[in-house]
Amino acid sequence: VESSCFPKPEFQEALSAYVRLRINTSGSTAEWGIYDQYAHGEALPTYAVLESDGTLVSKTGWEGGLHAERTLLAWLKANAR
């Protein structure tokens, strides 16, 4: 997703509302702790929107499918703060 969707202009515009953080779930225990706190139960990759204080606003897992790119873009726009 990061290499196929995120470089597109419409995604760059939608992502400009966010500070992005990538967590490697094959990494450290600390990274797994963040995943468990915010994204547990979602498909990987998981996208989450947090407030600056760490409050979870929304999360979604990448589901693929025919309209997955459009669905993810709509989700990003709907949750922009």
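The chain's 7 positive and 10 negative charges have mean positions that sit 6 Å apart. Here Lys and Arg count as positive and Asp and Glu as negative, with His and the chain ends not counted; each charge is placed at NZ of Lys, CZ of Arg, CG of Asp or CD of Glu. Keep in mind that this is a predicted model, where local features need pLDDT of at least 70, side-chain atom pairs count only at pLDDT 80 or more, and totals for chains, interfaces and linings use all residues. Residues are numbered from 1 along each chain as its sequence is written, and side-chain values use heavy atoms, with hydrogens and water left out.

**Overall build**

- The chain has 3 helices and 2 strands, and going along the sequence they come in the pattern α-α-β-β-α. Both kinds of element are DSSP runs numbered from the N terminus: helices are H or I with at least four residues, strands are E with at least two.
- With a radius of gyration of 13 Å, close to the 12 Å that the globule rule gives for 81 residues, the chain is as compact as a globular protein of that length. That radius is taken over C-alpha atoms, and the rule is 2.2 Å times the number of residues to the power 0.38.
- Along its principal axes, the C-alpha trace spans about 35 × 25 × 20 Å.

**Surface and contacts**

- About 5,600 Å² of the chain is accessible surface, and carbon and sulfur atoms hold 53% of that. These areas come from the Shrake-Rupley method with a 1.4 Å probe; for residues, only the protein chains shown count as cover.
- Buried residues make up 27% of the 81 in the chain. Buried means under 20% relative accessible area, exposed means over 50%, and partly exposed is in between (1.4 Å probe, protein chains only).
- Of the contacts with a separation of 6 or more, 38% are between residues 24 or more positions apart. A contact here means heavy atoms within 4.5 Å.

**Aromatic rings**

- Searching the whole structure turns up 3 aromatic pairs. In one of them, the rings of F6 and F11 have centres 6.0 Å apart and planes at 40°, so the pair is tilted.
- Rings of Phe, Tyr and Trp (its six-membered ring) pair if their centres lie within 6.5 Å; planes under 30 degrees apart count as stacked, over 60 as edge-to-face and the rest as tilted.
- F6 and F11 are both buried, and together with Y47 they make one aromatic cluster.

**The end of the chain: R81**

- R81 sits in the segment after α3 (68–79) and counts as exposed, at 62% relative accessibility.
- Leaving aside residues up to four places away in sequence, R81 touches A17, E51 and V57. R81 and A17 are 64 residues apart in sequence, but their C-alpha atoms are 6.7 Å apart in space.

- P45 is in the loop between α2 (29–38) and β1 (46–50), and its relative accessible area of 28% makes it partly exposed.
- Not counting residues up to four places away in sequence, P45 touches V1, T60, G61 and W62. Its C-alpha atom is 9.6 Å from that of E2, 43 residues away along the chain.
- L66 lies in the loop between β2 (56–61) and α3, and is exposed with a relative accessible area of 78%.
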